[in-house]
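Dear colleague,

My notes on what was found in it follow.

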Amino acid sequence: MPSSKPPSKPGRSPARGSAPSQSGKPGQAASPSRATPSAKPSSPYQTSARPSRPARPAEGRAAERPAPRDTRPFGQTEEPVAEARPPREHKPPKVPKAARNLGGSAQLVLKPEREKSLQRRHPWVFSGAVDLVEDTLVSGDTVAIRSAQGGFLGWGAYSPNSQILARVWDFHEGTRIDAEFFAERIRKAAARRDRVFGSEPTHAVRLVHGEADGLPGVVVDRFADQGVLQLTTAGAWRWRDAIADAVAHVTGLEKLYERSDADVLELEGLPHRVEVVRGEAPSGPVTIEENDLRFQVDVREGHKTGFYLDQRDSRALLRDLSENREVLDCFCYTGGFTMSALAGGASYVTAVDSSKDALAAARRHVTLNELPEARVDFVEADVFALLRKMRDQGRRFDVIVLDPPKFAPTAALAQNAARGYKDINLWAMKLLRPGGLLFTFSCSGGVSRDLFQKIVAGAAVDAGVDARVLHHMSAATDHPVSLSFPEGEYLKGLLVEIG
Ligand code: SAH
């Protein structure tokens with residue numbers, strides 16, 4: 001169940017698409033979260049509102065922002081272990097019950113029969129599977145993960161405050177986890193994007209996507225000349241300098257900003273950290289291009305690292321299917337889907353969000369892209385209430401987009417999330433004309449693709465409509481999913497035709 005805590009600043013919620021969070025069991029990863037509504041939550045499902053609270057370390061933005069870090073050339077980060085150690089004063093690592101003196105060697109030994117998932121290359125080690133941990137280890141240390149028989153399983157990063165006690169960097173005993181290891185992983189991640197995008201401009205792209213790029217807890221987005229890091233695990237924090245050096249070297253980006261302010265950090269016992277890592281601070285929004293449309297990305301205050309890059313392909317599909325259609329874009333944020341519908345020739349678009357700031361940005365995007373202002377209406381409202389109201393008013397649409405924030409961070413919360421998804425899908429289906437199209441999404445890690453489709457099917461039954469899936473959607477190709485880490489597939493979408 002999403003929280004309905006009073007929101008703080010609109011537009012600075014943590015990310016969907018940054019890093020799956022822990023949930024206590026394999027296969028129950030939480031998705032990185034989404035969107036903070038700015039209006040007072042009026043529905044039980046309104047989510048992700050960040051509570052107003054005293055500034056935590058690095059959360060105080062400009063006032064508390066440390067000076068830019070040094071800009072040593074790549075390769076000169078000799079001792080990242082000593083240098084990049086996260087601030088210990090925040091929360092001293094708890095020594096797990098199983099901690100023993102194992103002769104000072106950095107290792108973690110699993111209970112008998114608990115090595116199976118690692119042998120299948122799932123990169124997470126849950127605390128319940130661990131028998132012994134060397135007691136001198138501190139947060140972020142690199143550990144050898146061993147089976148009860150002593151067999152080597154992988155090199156991981158130790159995270160004593162998390163239910164995920166270690167995340168694997170590499171499964172080969174001969175690999176050295178050092179600055180060059182991170183440089184190589186980042187080179188490979190960048191090359192992967194180059195292969196996918198070819199000669200297309202790749203200046204608004206996710207360069208590193210956590211586990212799928214072999215770097216748990218590490219997200220790197222590129223917005224034109226600005227790089228943004230989001231580091232959500234103790235291991236990722238330990239190696240920040242090496243990661244930043246490698247990103248700068250591989251991409252040539254001189255400006256790197258850190259947006260480690262996702263909710264999942266709390267589960268790691270890490271503070272929020274938002275600061276300049278390399279180069280100057282962003283002086284204003286960065287203009288990017290996506291599918292020939294321009295957007296201004298606020299990397300300092302925007303949701304997640306500033307923009308929902310994951311919806312690039314689904315927005316392009318909407319654009320192809322919008323001509324002469326009346327479109328309702330629910331949870332529009334800064335207007336990604338709205339601009340696509342207008343550019344695709346929609347006869348009219350109604351764009352809804354509870355955040356005034358997001359709507360203001362969306363309005364600016366219409367002007368920036370010279371799209372017809374007379375064909376769009378921006379509505380500040382709670383989608384749950386508005387859909388019912390529109391039904392009472394007899395409103396009908398040809399296309400509806402439902403791209404809500406995360407309703408269920410973990411599978412344990414899927415039940416409540418299911419109610420939320422069913423509710424909005426049911427009402428949207430009632431608002432669609434026969435032959436109408438529903439673009440419906442879930443970015444809840446706790447809700448599987450299968451469950452999501454069942455929920456949407458249930459909504460169709462209750463709405464009394466015939467419906468069929470025309471297309472399955474997911475995050476864009478720069479957000480890969482590792483086959484050994486299916487939890488990484490947080491964003492699921494269905495294109496459903498009604499009637
Ligand atoms: N579709 C957007 C991303 C949506 S993020 C894109 O393509 O960029 C989710 C959005 O939902 C946020 O902007 C948040 O402000 C909004 N939101 C959250 N709860 C809401 C509610 N109950 N009613 C309306 N908007 C809501």
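Which residues does Lys-255 touch, not counting residues up to four places away in sequence? They are Asp-225, Gln-226, Gly-227, Arg-278, Gly-279, Glu-280 and Pro-282, where two residues are in contact if their C-beta atoms, placed from the backbone, lie within 7 Å.

Please note that this is a predicted model, in which local features need pLDDT of at least 70 and side-chain atom pairs count only at pLDDT 80 or more, while totals for chains, interfaces and linings use all residues. Residues are numbered from 1 along each chain as its sequence is written.

Lys-255 and its setting

Lys-255 lies in strand S11 (residues 255–260). Lys-255 counts as buried because it has 21 C-beta neighbours inside 10 Å; the term buried requires 20 or more other C-beta atoms within 10 Å of a residue's own, exposed means 12 or fewer, and partly exposed is in between, with C-beta atoms placed from the backbone. The C-alpha atoms of Lys-255 and Gly-227 are separated by 6.0 Å, although the two residues are 28 apart along the chain.

The protein as a whole

The protein contains 13 helices and 21 strands, which are DSSP runs numbered from the N terminus (H or I, at least four residues, for helices; E, at least two, for strands). Of its 499 residues, 54% count as buried. Among contacts between residues at least 6 apart in sequence, 71% join residues at least 24 apart.

The nonpolar core

A nonpolar core is a set of buried Ala, Val, Leu, Ile, Met, Phe, Trp, Tyr and Cys residues joined through C-beta atoms within 7 Å. The largest such core has 134 residues, of which Leu-108, Val-125, Ile-186, Ile-243, Val-247, Ile-400 and Ala-428 touch the most other members. Helix H12 supplies the largest share of this core, 10 residues. Leaving aside its neighbours within four places in sequence, Ala-428 is in contact with Leu-387, Ile-400, Leu-402 and Leu-438.

Helices H12 and H13

Helix H12 (residues 414–431) packs against helix H13 (residues 449–463) at an angle of about 45°, with their axes 8 Å apart. H12 is therefore oblique to H13; angles under 35 degrees count as roughly parallel, over 145 as roughly antiparallel, 65 to 115 as roughly perpendicular and the rest as oblique. Axes are lines fitted to C-alpha atoms, for helices over the stretch in contact, and angles run from 0 to 180 degrees between N-to-C directions. Residues of H12 in this contact include Ala-414, Tyr-421 and Met-429, and those of H13 include Phe-452, Ile-455 and Ala-463.

Helices H8 and H9

The axes of helix H8 (residues 312–320) and helix H9 (residues 336–343) come within 7 Å and cross at roughly 30°, so H8 and H9 are roughly parallel to each other. The contact is made by Arg-315, Ala-316, Leu-318 and Arg-319 of H8 and Gly-336, Phe-337, Ser-340, Ala-341 and Ala-343 of H9. H9 is largely enclosed by the rest of the structure, because 7 of its 8 residues are buried. Gly-345, whose phi is positive, near 90°, follows H9.

Leu-368

Leu-368 belongs to helix H10 (residues 356–368). Leu-368 is partly exposed, with 15 other C-beta atoms within 10 Å. Not counting residues up to four places away in sequence, Leu-368 touches Arg-294 and Gln-296. The C-alpha atoms of Leu-368 and Gln-296, 72 residues apart along the chain, are separated by 9.0 Å.

Yours sincerely
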